[in-house]
Amino acid sequence: MQIVLFEPEIPPNTGNVARLSAAFGLPLHLVEPLGFSLEDRYLRRAGLDYWPHVRLKVWPSFDEYLDKGRDGHRLVMTSSRGGEPLQRFAFTREDALVFGPETRGLPENVLEKSDARVRIAIHDSVRSINLSSAAAVVAYQAMAGTGLLDLIS
């Protein structure tokens, strides 16, 4: 299982997801363009001292990630605009959990790369939740459903 952030925009969100990646032992893939520098102090601060434990790879484009970084993983797209409810989705250990940019979500041309889509159940009055919160909710559910949580001591 791996986490993919497509064109992330906000450094602290990406830093929080990096810390989540380290905590869960999941590789983190960032697809450019990024809305910040990897040297950004807010990014580093959010990731705290866990950066050495993050298996990070940065890709110049989504196509490059698909060609060289996907490594056979099924793409599971996240969207607040539709998809199967997260709690009913059958995850596998070979899933790549793909999240879009904070201000616009995954574009249709990226969503079309996979039929596997999930959405987090939220009240109608709320448009979406924070990227790092969404990544935590989805990753936890995916790992619980596949037994990967049992491998973490």
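## Salt bridges

A salt bridge here is a side-chain nitrogen of Lys or Arg lying within 4 Å of a carboxyl oxygen of Asp or Glu. With that in hand, a search of this whole structure, which is a predicted model, turns up 6 salt bridges.

Let's begin with Arg 104, which pairs with Glu 7; their closest N and O atoms are 2.6 Å apart. This pair links distant parts of the chain, since Arg 104 sits in the loop between β6 and α4 (108-111) while Glu 7 sits in the loop between β1 and α1, 97 residues apart. Are the two partners buried or exposed? Arg 104 counts as partly exposed, at 44% relative accessibility. Glu 7, at 18%, counts as buried, because buried means under 20% relative accessible area.

The side chain of Arg 104 also meets that of Glu 9 in a salt bridge, at 2.6 Å from N to O. Glu 9 is in the loop between β1 and α1 and Arg 104 in the loop between β6 and α4, so this pair ties together parts of the chain that are 95 residues apart in sequence.

Another salt bridge to look for joins Arg 117 and Glu 108, with 3.5 Å between the closest N and O atoms. Arg 117 is partly exposed, with a relative accessible area of 26%. Glu 108 is partly exposed as well, with a value of 43%.

## The sheet

Now for the strands. How many strands does the open sheet have, and in what order? There are 7, and they run β3-β2-β1-β6-β4-β7-β5, with parallel pairing. At the edges are β3 (56-59) and β5 (84-85), each of which pairs on one side only.

Strand β4 (residues 74-78) runs parallel to strand β6 (residues 95-99), and 4 bridges join them. Within this pairing, Arg 74 has Asp 95 in β6 as its bridge partner. Strands β1 and β2 likewise pair in the parallel sense, over 4 bridges, and Val 4 stands opposite His 29 in β2.

Which strands does helix α3 lie across? Helix α3 (residues 62-69) lies across β1, β2, β3, β4 and β6, and runs at about 160 degrees to β1.

## A nonpolar patch on the surface

Finally, turn to the surface, where Ile 122, Val 126, Ile 129 and Val 137 form a nonpolar patch. Together these residues have about 260 Å² of accessible area.

Where does Ile 122 lie in the chain? Its place is in the loop between β7 (117-119) and α5 (131-146). With a relative accessible area of 30%, Ile 122 is partly exposed, because partly exposed covers values between the 20% limit for buried and the 50% limit for exposed.

Definitions and conventions. Residues numbered from 1 in each chain as written. Predicted model: local features only at pLDDT ≥ 70, side-chain atom pairs only at ≥ 80, totals over all residues. Heavy atoms only, no water. Pairing = 2+ DSSP bridges. Helix = DSSP H or I, 4+ residues; strand = E, 2+ residues; numbered from the N terminus. Contact = heavy atoms within 4.5 Å. Axes fitted to C-alpha atoms, helices over the stretch in contact; angles between N-to-C directions. Patch = residues over 30% accessible without salt bridge, like charges linked within 9 Å, V, L, I, M, F, W, Y side chains within 5 Å. Areas by Shrake-Rupley, 256 points an atom, 1.4 Å probe, with all protein chains shown as cover. Buried < 20%, exposed > 50% of the residue type's maximum accessible area, 1.4 Å probe, protein only.
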